[in-house]
Each structure stands twice: as C-alpha cells, then as structure tokens.
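I opened my notebook to go through a new structure. Here is what I looked up, entry by entry.

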Amino acid sequence: MAEVYFYIPADQADNAVTCGLKLSKWSDKEIWIDGDFKKCISALLNPKDEMEKYRSSEYKCLKLELDSKYCFVGDKYLYQVGLEFPQVMDMYQESVMPVDKYIFGSFRLPECLVTSTIIEGQISILDKRLDSPVLFDKSEDLYVNNILENYKETHADFNDALLYYFYSKLAECGKVDKIEDSEKRIAIFLDKESQKAYTIKMPEISRY
C-alpha cells in the first residue's frame, strides 16, 4: 500500500471522502507509463511539499491509501521545465518509476502519479496533529541535504568551496570586498556594512 496526499478545495473535501475522486475529473496530466499514455492524478509523498496549501484554510489535505500498483513517482520540477524544453520532458518520462522503487530524497520535488479512480474507503482528511508522522519536513530539504552530505563525504573542503563562491558572488555584486592570497590559498571577504572579515580557504576546484 502507498500513503500519499492530495489537496482539494475545503468545501469539496467531505464529498471526496464520501464519493471518491474520479480519475476522469481530477487527472491533471497524461504520462507514458508501462507502454501506454495514462491519465494521472498528481498527489504528494509529503503533505508539506505544498506549504501554502498546507497552511491555508481554503484547502484540506486528503490522505490516500492506495494499492501501490496504481502509483508511480516522477520529478515534478523536470515536468514543469519539460513543458518548455522537450529534452527535459524526456528526462521526466525516464524518471517515472513505481512508488515502491522510489528512494526518498532522489527527486527535489517528487509527485505521485495515481493512475486509477480513488474510491470511498481509500480517502480520509489528514489530521495534522494526530495522523501518521512525516519522517522529514520537506522533500526539497531532504534532496538538497543529500547532495550536500554526499559532497562533504568525498571532499573535505566542500564547506569552504560553498562559502568561497558565495562570497565571491557577493563581491561581484559590490556587497563585500575581496582580498586573495593565491600562494597561501586564503581569501578574506570584508562585509561593507558590518565591517566583519570572513577568512575562507580557497578551494581546489579542479579536484572535484
């Protein structure tokens, strides 16, 4: 079974719980899955992946408990960019996988593609206080943290690299002054407002 989440206008939530969600009405895209184009309802693996709706009184979050064989996961950002760039849409299509094959943190914004009508008994209104605990806050945070941790494990100077290029960009914008000693591989960045100096080791980016 897959537990996924779907936001619906608050005034339609009770009817959805009682009558279900018809695929013909609630599908928002057609995706090539298992050798055929299938209509899909785009749901979420984490209710906090749409924080505006999570906090809004205009929407209610439905918890859907579905047979995994009707659930697939794709990278929503690839889909959005793919609407303008066909090569990215190809990447999106290649990213789609069965929900039970998905590893959390693999996509920046995973969407669960539900390929069937959702019937009464599979739907309840999420109780944010009492319902199943969510293991991480947002999918995007988990995705970014995974990337950072992977680089930190393989490159001891990764934190310096991040800070160096961040402050170098601020220097280009005129917000900090930059002094470099290439021989000692040390950069000093002086914040013009606070007059605070930041000492950063210059990364050897060629080793990445």
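My notes below cover the nonpolar cores, one tyrosine and a pair of helices.

**Entry 1: the cores.** I kept in mind that this is a predicted model. I began with the largest nonpolar core, which has 24 residues. Which residues touch the most other members? I found Leu21, Leu62 and Leu64. Then I checked which elements give two or more residues to this core, and strands S1, S3, S4, S5 and S7 were on the list, along with helices H1 and H2. S1 (2-9) gives the largest share, 4 residues.

I also listed what Leu21 touches, leaving out residues up to four places away in sequence. Among its contacts are Phe6, Ile8, Trp26, Leu62, Leu64 and Ile118. There is a second, separate core too, with 9 residues, including Cys40 and Phe72.

**Entry 2: Tyr54.** I found Tyr54 in helix H3 (residues 51-55). Is Tyr54 buried or exposed? Its relative accessibility is 15%, and buried means under 20%, so I wrote down Tyr54 as buried. Apart from neighbours within four places in sequence, Tyr54 is in contact with Tyr7, Pro47, Lys48 and Lys128. I looked up Ile118 as well: its C-alpha atom is 21 Å from that of Tyr54, and the two residues are 64 apart along the chain.

**Entry 3: H6 and H7.** How do the axes of these two helices cross? I got roughly 120°, with the axes coming within 8 Å. H6 and H7 are therefore oblique to each other. On the H6 side I noted Leu148, Tyr151 and Lys152, which meet Phe158, Asn159 and Leu162 in H7. By class, that contact has 4 nonpolar, 1 polar and 1 charged residues.

Terms used: Residues numbered from 1 in each chain as written. Predicted model: local features only at pLDDT ≥ 70, side-chain atom pairs only at ≥ 80, totals over all residues. Heavy atoms only, no water. Axes fitted to C-alpha atoms, helices over the stretch in contact; angles between N-to-C directions. Parallel < 35°, antiparallel > 145°, perpendicular 65-115°, else oblique. Contact = heavy atoms within 4.5 Å. Nonpolar A, V, L, I, M, F, W, Y, C, P; charged D, E, K, R; others polar. Core = buried A, V, L, I, M, F, W, Y, C linked by side-chain atoms within 4.5 Å. Buried < 20%, exposed > 50% of the residue type's maximum accessible area, 1.4 Å probe, protein only.
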